[in-house]
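Subject: Structure for your review

Dear colleague,

Please find the sequence and structure below. My notes on what was found follow directly after.

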Amino acid sequence: MPTLRPMTHTPTTPGALQGQVAFITGAGSGLGAAFARRLARDGATIVINDLSPNAAAEVAAEVGGETAIFDVCDSVAFDAEIDKAVARHGRIDILVNNAGIAPPTDTDRVQQAIANQMARMEGRIDDLVPPNSTVELSDEDWDRMIKVHLYGTFYGTRAALRHMTPARSGAVVNVSSVLGLRPMAGAMHYATAKAGIIALTKSVGQEVAPYGIRVNAVCPGWIDTPLLGAMDPMMMAGIVMQIPKGRMGRPDELAELVRFLCGPESSYCNGDVFAASGGFA
């Protein structure tokens, strides 16, 4: 048998983002902050968006970047901040649409879901209590979830393309979710928003591919970030049991995938969707 030689190449080229400008939304903590650190490590100048000035400033100081404090649901503000970044640096090369919110935890509903699951396992289907997650979802909660995720991704993509298209260069990475690929009961508005991001990515990716611009999406699974901090421990344990890898993901693991999609190594990826779920998706 031939001798197997170890791989000597790295999946990404160190320093390949030198001189590029990356705008990352929701980067004051969690995944966004991990993305900022990873892209900065390979030379990118980072613009940190967040609603919290203090959180954004802390990450910006860490990566030697700058801040842009606004709500991604505000299209006028999004346009203005992208334009400001281009005015300062003469370009925008990377946009990561990462800003997002999680559905609030309803303790009573969680306990009922656990009781329903036990009844289901025992075959007591008639004892199941309807969770009414959909019928009790308010217009305001629906609107906010869709606007932060789907509208925010659209506003950012549109603002960045106004500069990337004339330059015939750029990379947009949209953060969707495994729930956009594999929706679960109880978070219908979240799953709908994330599925919409996938459709947006595929459509826009096809549109701009001939002009040197790549638009791709990542679908994180259950990642250990502050966004999941309020989740009921029993529910989280049940979710982890469904992950073939046997654990939640780490932000730095997702950051490597985002770094790949932001750099020249992903030159043939466009309108593509990449799940990183430990086997959940």
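On a 1 Å grid over the protein atoms alone, a pocket is an open set of points with protein on both sides within 12 Å along at least five of seven lines, a cavity is a set of points where a 1.4 Å probe fits but cannot get out, and lining residues have an atom within 4 Å of a point. Grid points are joined across faces, edges and corners, and a volume is the space filled by probe spheres set on the points. This is a predicted model, in which local features need pLDDT of at least 70 and side-chain atom pairs count only at pLDDT 80 or more, while totals for chains, interfaces and linings use all residues. Residues are numbered from 1 along each chain as its sequence is written, and side-chain values use heavy atoms, with hydrogens and water left out.

Pockets and cavities

The second largest pocket holds about 170 Å³ of space. Its lining comprises 14 residues, with Gly249, Glu253, Ala276, Ser277 and Gly278 nearest the centre. By class, six of the lining residues are nonpolar (Ala, Val, Leu, Ile, Met, Phe, Trp, Tyr, Cys and Pro), four are charged (Asp, Glu, Lys and Arg) and four are polar (the others, Gly among them).

There is one cavity of 30 Å³ or more, and the space in the largest cavity is about 30 Å³. Its lining consists of Thr25, Val72, Asn97, Asn98, Ala99, Val148, His149, Gly152 and Thr153. Helix α5 supplies the largest share, four residues; helices (H or I, at least four residues) and strands (E, at least two) are DSSP runs numbered from the N terminus. Six residues of this lining are polar, three are nonpolar and none is charged.

Salt bridges

The model has 16 salt bridges, each a side-chain nitrogen of Lys or Arg within 4 Å of a carboxyl oxygen of Asp or Glu. One of them joins Asp71 and Arg144 at 3.3 Å, N to O. Asp71 lies in the loop between β3 (66–69) and α3 (75–89) and Arg144 in helix α5 (residues 139–167), so this pair ties together parts 73 residues apart in sequence. Asp71 is partly exposed at 24% relative accessible area, as is Arg144 at 34%; the term covers values between buried (under 20%) and exposed (over 50%), with a 1.4 Å probe and protein chains only.

Arg250 forms salt bridges with Asp252 (3.1 Å, N to O) and with Glu253 (3.6 Å, N to O). Arg250 is partly exposed at 40%, Asp252 likewise at 40%, and Glu253 at 29%. Elsewhere, salt bridges with shared partners link Arg38, Arg41, Asp42, Glu256, Arg259 and Glu265 into one network.

Nonpolar cores

A nonpolar core is a set of buried Ala, Val, Leu, Ile, Met, Phe, Trp, Tyr and Cys residues joined through side-chain atoms within 4.5 Å. The largest one has 30 residues, and Ile24, Phe35, Leu39, Ile46, Ile48 and Val96 have the most contacts inside it. Elements giving two or more residues to this core include β1 (21–24), α1 (30–41), β2 (45–50) and α9 (251–262). A second, separate core of 26 residues includes Val21, Ala68, Ala77 and Ile92.

Yours sincerely
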